[in-house]
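Biologist: I have not looked at this one before. Can you take me through it?

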Amino acid sequence: QMCIRDRRKFGLSPKERMLENILNGLDPDNVIYRVVSIERFFEMIEEKSLVLVRPWKWEDPFEDLLSRTIVTNKAGDRIGFAVTRDFFGQCWTLKKESDGIWRNYASLTSGVRIQTTVKKLLEVIYDVNDDMSKLSSFIGKVRYKTDSEIKRSINDIIEEMLMDSSGKGIAKTLLIKRKEFDYEEEVRVLFSDKNKRNQNIVCLL
């Protein structure tokens with residue numbers, strides 16, 4: 001049975017492999033939204049680009065928690081995790097209307113709501129002709145946890161990441177947010193590029 005499953009895995013088309021990088025139970029056909037200022041909207045139209053930023057630029061101190069975590073091994077050595085240093089992200093939402101989102105990302109009177117689907121957005125960053133996209137391009141639904149739940153799950157997060165070779169384990173560490181923000185019903189598109197470590201933003205055409 002294991003051999004049969006493996007053959008099916010290798011038999012997937014590039015587009016089917018792409019869909020496997022949709023994380024945390026998100027549906028490819030889910031409609032998602034992004035609220036931006038009018039100024040930013042016209043910049044996007046003019047530049048025809050998708051701008052992603054470093055996770056550490058997100059305001060919540062519990063964001064990208066793994067990169068802020070230090071553990072001590074049996075020898076007493078302190079070990080940090082810089083595994084997300086190659087990642088960039090952009091935030092979307094499953095929620096069509098939310099005053100809180102309008103206030104946080106634009107304003108109630110001068111913002112623009114953009115609409116697409118999960119699959120269409122992933123297709124922007126995922127190159128089906130490049131095998132490395134499987135390890136670098138993801139989209140997923142954010143999971144919300146209390147502060148104590150996040151702290152208690154650190155060991156499980158690290159273990160999952162270390163056991164995973166697909167890149168999904170690392171990506172999922174960027175899909176955790178505090179319970180206070182669950183009204184956002186957030187979706188994040190994530191892109192990794194080790195050649196852009198000196199950049200704080202990346203523009204994908």
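Predicted model: local features only at pLDDT ≥ 70, side-chain atom pairs only at ≥ 80, totals over all residues.

Biologist: How many helices and strands does the protein chain have?
Modeller: The protein chain has 9 helices and 12 strands, taken as DSSP runs (helices H or I, at least four residues; strands E, at least two) and numbered from the N terminus.

Biologist: What share of the residues is buried?
Modeller: Of 205 residues in the protein chain, 42% are buried, meaning under 20% relative accessible area with a 1.4 Å probe, protein chains only.

Biologist: Which residues of helix α5 are buried?
Modeller: In α5, residues 118–125, they are Val118, Leu121, Leu122 and Ile125. They lie on the same side of α5 because they cover an arc of only 100° around the axis, an arc of the directions from the helix axis to the C-beta atoms.

Biologist: Now Lys177. Where is it?
Modeller: Lys177 is in strand β10, residues 176–178. Lys177 is buried, with a relative accessible area of 6%.

Biologist: Which side chain makes a polar contact with the side chain of Lys177?
Modeller: That of Glu186, at 2.8 Å. A polar contact is a pair of N or O atoms within 3.5 Å; within protein, one must be able to donate a hydrogen and the other to accept it, and residues adjacent in sequence count only if both atoms are side-chain atoms.

Key: Residues numbered from 1 in each chain as written. Heavy atoms only, no water. Buried < 20%, exposed > 50% of the residue type's maximum accessible area, 1.4 Å probe, protein only.
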